[in-house]
Each structure stands twice: as C-alpha cells, then as structure tokens.
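I opened a new notebook page for this structure.

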Amino acid sequence: MQKIIAANWKMYKTRAQATQYASEFTASLRKKSYDDRLILVFPPFTAIHDLCQHFSDLPGLAVGAQNFYPANEGAFTGEISPNMLHDVGAQWLLVGHSERRHIMEESSDFIARKVSSGLDYGFKIMLCVGETLAERNAGKLVSILDEQLRSAIASLPEHIHKNLPGRFAVAYEPVWAIGTGRVAGSTEVIEAHAQLRQVLECYLGKVAADIPLLYGGSVKPENAPLLLGLDNVDGLLVGGASLEAQSFLQIIEA
Ligand code: PGA
C-alpha cells in the first residue's frame with residue numbers, strides 16, 4: 001500500500017507564509033520522486049486555494065480541509081460547506097481530530113454525520129481516533145477505539161463499504177501524544193493499529209486490508225522511520241513537525 005504522509009497545520013500560517021512554504025516544498029519535491037508516497041497537506045481554510053494552485057502540477061500531492069459543516073448551504077453562521085471546499089480545490093477532509101472532539105466538543109454522532117456527508121460529496125475522509133491518558137490508564141483503550149471507529153462506520157450505508165479503499169483512511173492519534181513530544185511506543189502503536197484493523201474487518205470484511213491506518217502524535221524526522229516500519233502503519237499524520245518544509249520533507253523521505 002502507498003504510504004500516506006499528511007501534514008496538519010492546525011491554526012498556523014497566513015497566506016503569505018503558506019505560499020512561501022509551498023514554493024520551498026515543491027522545489028524540493030520536483031528534484032526527487034516520491035512514487036511510493038501520497039502527500040497530503042491540511043492547511044487553514046484561507047490557504048487551501050493557494051496551496052492547490054502550487055501543487056497542481058505535482059502528482060501524489062493533495063490538499064485537504066481540517067473541518068467543515070455537513071450541509072450543502074444554509075443558515076449556519078461561521079461554518080463552511082463541502083461544496084465551498086470543493087470549489088477551492090480541497091480533496092480530503094479531516095474528521096474527528098481530538099482537538100475538535102475535546103475543545104469544540106464534537107460528539108461521535110456529529111462526527112459520524114460528517115464522515116457520511118463528506119463521502120457523499122465525493123471527498124476522501126481521514127478519520128482521527130484516539131484515547132486520552134485518563135482513558136488509557138483506566139484500561140479503556142480498546143473500548144474507546146471501538147466506539148470512535150464503529151460509530152463512524154456504522155452510519156454508512158452498506159453499499160458504499162466496498163468503495164471505501166482510496167476514499168477513507170483512519171489516523172490513530174493518542175491524545176496524550178499530540179503536541180507533547182511524547183510519541184507512542186512501538187508496542188502501543190502496534191496494539192492500537194491491530195485493534196483498529198480488527199474493527200474495520202468486522203464491518204468491511206476483505207476491503208479492511210486496503211484502508212490505510214496512519215499514526216499521529218509527536219511524529220518527528222527522527223522517529224518517522226521506526227513508526228513507518230511497524231505492522232499496520234500505512235502512514236503518518238504530522239502536526240508540529242510539518243510546519244517547517246524541511247522537517248516535513250525529511251519525514252516524507254523516511
Ligand atoms: P503533533 O500533532 O504532531 O504536533 O503531535 C499531530 C496532530 O494533531 O495531528
């Protein structure tokens with residue numbers, strides 16, 4: 001399976017900063033071939049259009065949005081629709097990130113609606129799941145991952161299950177590893193990813209093997225090679241270390 005290396009810029013970078021990054025980034029990418037990598041960047045909304053323009057002639061590079069509201073249009077002040085994101089060139093949508101689950105208090109039901117709506121609008125979805133430290137310490141890892149993944153998939157009509165490969169990816173992001181510098185250990189990653197694969201198999205059958213499972217949480221150039229070599233790790237979702245073009249490039253090359 002082609003490895004997916006994704007950058008989540010969160011609420012960082014003005015348009016000028018994003019454009020400067022894109023120039024440096026694409027100049028380096030043009031010098032090498034990354035056929036075995038799919039590279040995704042999730043910038044703030046305001047930089048999506050600019051990045052799409054910069055990336056348009058580079059295959060294997062796509063832009064996504066960090067959030068959206070699951071409706072075509074309407075009286076939803078402050079929200080942005082899949083239609084509008086399509087219009088500026090986004091191809092992927094990030095759903096269920098822990099910052100949205102915990103800071104914006106998005107529920108599993110709402111996240112399930114977003115997954116189903118995003119797919120309906122023709123987007124590719126990256127669903128994030130992961131436990132807090134308190135949940136892990138209380139022995140709830142398996143039940144939390146089960147609940148977060150099952151609730152998102154259970155809402156999808158069965159006829160689209162077989163079409164999910166290529167359109168759906170899951171990122172395991174333990175909340176205690178995000179932005180803390182404390183990357184999950186190999187055993188922890190292997191255990192969580194095996195659990196997620198099992199849940200996918202239970203719902204999707206054979207095609208579960210073709211759904212990429214990414215790891216996210218304090219990924220850096222130094223730990224990327226080890227993480228990418230672990231069982232069931234099909235890619236990485238990178239926050240802080242993706243904000244510098246050179247550091248993200250090193251992770252892509254890992
Ligand atoms: P981090 O963030 O790499 O800074 O830990 C990852 C994420 O939030 O997706």
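**Ligand contacts**

I began with K10: an N or O atom in the side chain of K10 is 2.7 Å from an oxygen atom of the ligand. I count a polar contact as a pair of N or O atoms within 3.5 Å; within protein, one must be able to donate a hydrogen and the other to accept it, and residues adjacent in sequence count only if both atoms are side-chain atoms.

I noted how the model was handled. It is a predicted model, in which local features need pLDDT of at least 70, side-chain atom pairs count only at pLDDT 80 or more, and totals for chains, interfaces and linings use all residues. Residues are numbered from 1 along each chain as its sequence is written, and side-chain values use heavy atoms, with hydrogens and water left out.

A polar backbone atom of S218 is 2.7 Å from a ligand oxygen atom. For G240, a backbone N or O atom lies 2.8 Å from an oxygen atom of the ligand. I then checked the cover: the ligand taken alone exposes 280 Å², and the protein buries 96% of that. These areas come from the Shrake-Rupley method with a 1.4 Å probe.

**The shell**

How many residues surround the ligand? I found 13, and the closest are K10, H97, E173, G179 and S218. I sorted the shell by class: 4 residues are nonpolar, 7 are polar and 2 are charged. In this scheme Asp, Glu, Lys and Arg count as charged; Ala, Val, Leu, Ile, Met, Phe, Trp, Tyr, Cys and Pro as nonpolar; and the others, Gly among them, as polar.

**Loop residues**

I went back to K10. It lies in the loop between β1 (3–8) and α1 (15–31). Helices (H or I, at least four residues) and strands (E, at least two) are DSSP runs, numbered from the N terminus. Is K10 buried or exposed? K10 is buried, with a relative accessible area of 18%. Buried means under 20%, exposed over 50%, and partly exposed in between (1.4 Å probe, protein chains only).

I also checked phi. Most residues other than glycine have a negative phi. K10 has a positive phi, near 55°. N232 is not a glycine either, and its phi is positive at about 65°. I placed N232 in the loop between α9 (224–228) and β8 (235–238). N232 is partly exposed, at 27% relative accessible area.

Terms used: A residue is near a molecule or strand if one of its heavy atoms lies within 4 Å of it.
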